Amino acid sequence: MKVDQYFQGQPCWAELGSMNIASSKAFYRGLFGWDIVDMPIPEGTYSMLTIADDDIGAMYQIPDEMAQNGETTQWTIYFAVENLDASLVDITGAGGTVIIGPHEVGEAGRMAVIKDPEGARFALWQANNHIGAKRAAEPHTMCWVELACRQPQQAKQFYSHVLGWQHRDSDMQRMTYTEWQVGSQDVGGMMAMTEEWGDMPAHWMLYFTVESCDDKAAQVNELGGKVCVPPTDIPNVGRFAVINDPDGGLFSIIELRMGV
């Protein structure tokens, strides 16, 4: 499905910072069949991930300086905002931290990278000539974003203030699951991290839609990645797995079976 607009608070872009861009290109091209188009930028190359010539995300090589400061391969989720400067005032006022930006990205738009009060990282995007991902609701596109944190009440206050989200709690497999909403649309979720998570920090997880979770999980191993959580059913939703790419980038895949 083609996308031509995003509203305040909607997830709009997925970006992989990679410690080994050649390895990342081979893995994701093999797994999802994405075309990858390199674009020169002052810092090197920004590689667009495309489906039928439509941008759906991007990846870039993490510079040596950032790697020396502890940066690792990871996906970053962008949320659309109408006014970046006003949103950044809300961020700092609510206990978040601006770690990169704000800055212009050519004529595409303006961005900033944020850490929420618990340290989960995400980005904000005020579009100009580039809205973000131009396809959704089809295989190999981002379909869901999910916050794992230890202080869900604090997160509810923060994200409701910053992005205007509403939220709805429900019982799911003996735990409380929160769904984030923009208007009447569910755009993401949140779960509380328990002792079983160990010392893993709070983080945002993105999900890509696949036609067969089991087939893709098997393919992950063939391509040099690792299946961290094996294919697992979520009642009335679908079947998902958590994946590490060959360089440690964490993401999820999901085979949607709504109502089944």
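In which loop is proline 246 found? In this predicted model, proline 246 occupies the loop between strand 15 (238-244) and strand 16 (250-256). With a relative accessibility of 34%, proline 246 counts as partly exposed. Beyond its neighbours within four places in sequence, proline 246 is in contact with Ser23, Phe27, Leu223, Gly224 and Gly225. Threonine 73 is 173 residues away from proline 246 in sequence, yet the two C-alpha atoms are 9.7 Å apart in space.

The chain as a whole comprises five helices and 16 strands. Its radius of gyration is 17 Å, close to the 18 Å that the globule rule gives for 260 residues, so the chain is as compact as a globular protein of that length. The C-alpha trace spans about 45 × 40 × 40 Å along the principal axes. Of the 260 residues, 48% count as buried. Among contacts between residues at least 6 apart in sequence, 59% join residues at least 24 apart. The accessible surface comes to about 12500 Å², and carbon and sulfur atoms account for 50% of this area. Charged side chains number 16 positive and 35 negative, and the centres of the two sets lie 3 Å apart.

When residues up to four places away in sequence are not counted, tryptophan 204 touches Ile77, Phe79, Ala120, Arg121, Phe122, Val145, Glu146, Leu147, Tyr159, Trp165, Trp180 and Gly189.

Threonine 209 is found in strand 13 (residues 203-209). At 10% relative accessibility, threonine 209 counts as buried, the limit being 20%. Its contacts, again without residues up to four places away in sequence, are Glu138, Pro139, His140, Thr141, Cys143, Ile254 and Leu256. One of these partners, histidine 140, lies in the loop between strand 8 (121-127) and strand 9 (142-149). Histidine 140 is likewise buried, with a relative accessible area of 17%.

Backbone geometry was also considered. Most residues other than glycine have a negative phi, and most peptide bonds are trans. Histidine 140, although not a glycine, has a positive phi of about 75°. A positive phi, of about 70°, is also found at aspartate 53, which is not a glycine either. Aspartate 53 is placed in the loop between strand 3 (44-51) and strand 4 (54-61), and at 71% relative accessibility this residue counts as exposed. A cis peptide bond, with omega of about 5°, joins glycine 101 and proline 102. Proline 102 is part of strand 6 (residues 97-105).

Leaving aside neighbours within four places in sequence, glutamine 5 is in contact with Gln10 and Ile131. Glycine 224, which is among the contacts of proline 246, is 219 residues from glutamine 5 along the chain, and the C-alpha atoms of glutamine 5 and glycine 224 are separated by 36 Å.

Notes
Residues are numbered from 1 along each chain as its sequence is written. This is a predicted model: local features need pLDDT of at least 70, side-chain atom pairs count only at pLDDT 80 or more; totals for chains, interfaces and linings use all residues. Side-chain values use heavy atoms; hydrogens and water are left out. Contact means heavy atoms within 4.5 Å. Helices (H or I, at least four residues) and strands (E, at least two) are DSSP runs, numbered from the N terminus. The radius of gyration is taken over C-alpha atoms; the globule rule is 2.2 Å times the number of residues to the power 0.38. Buried means under 20% relative accessible area, exposed over 50%, partly exposed in between (1.4 Å probe, protein chains only). Accessible areas come from the Shrake-Rupley method with a 1.4 Å probe; for residues, only the protein chains shown count as cover. Lys and Arg count as positive and Asp and Glu as negative; His and the chain ends are not counted. The place of a charge is taken as NZ of Lys, CZ of Arg, CG of Asp or CD of Glu.
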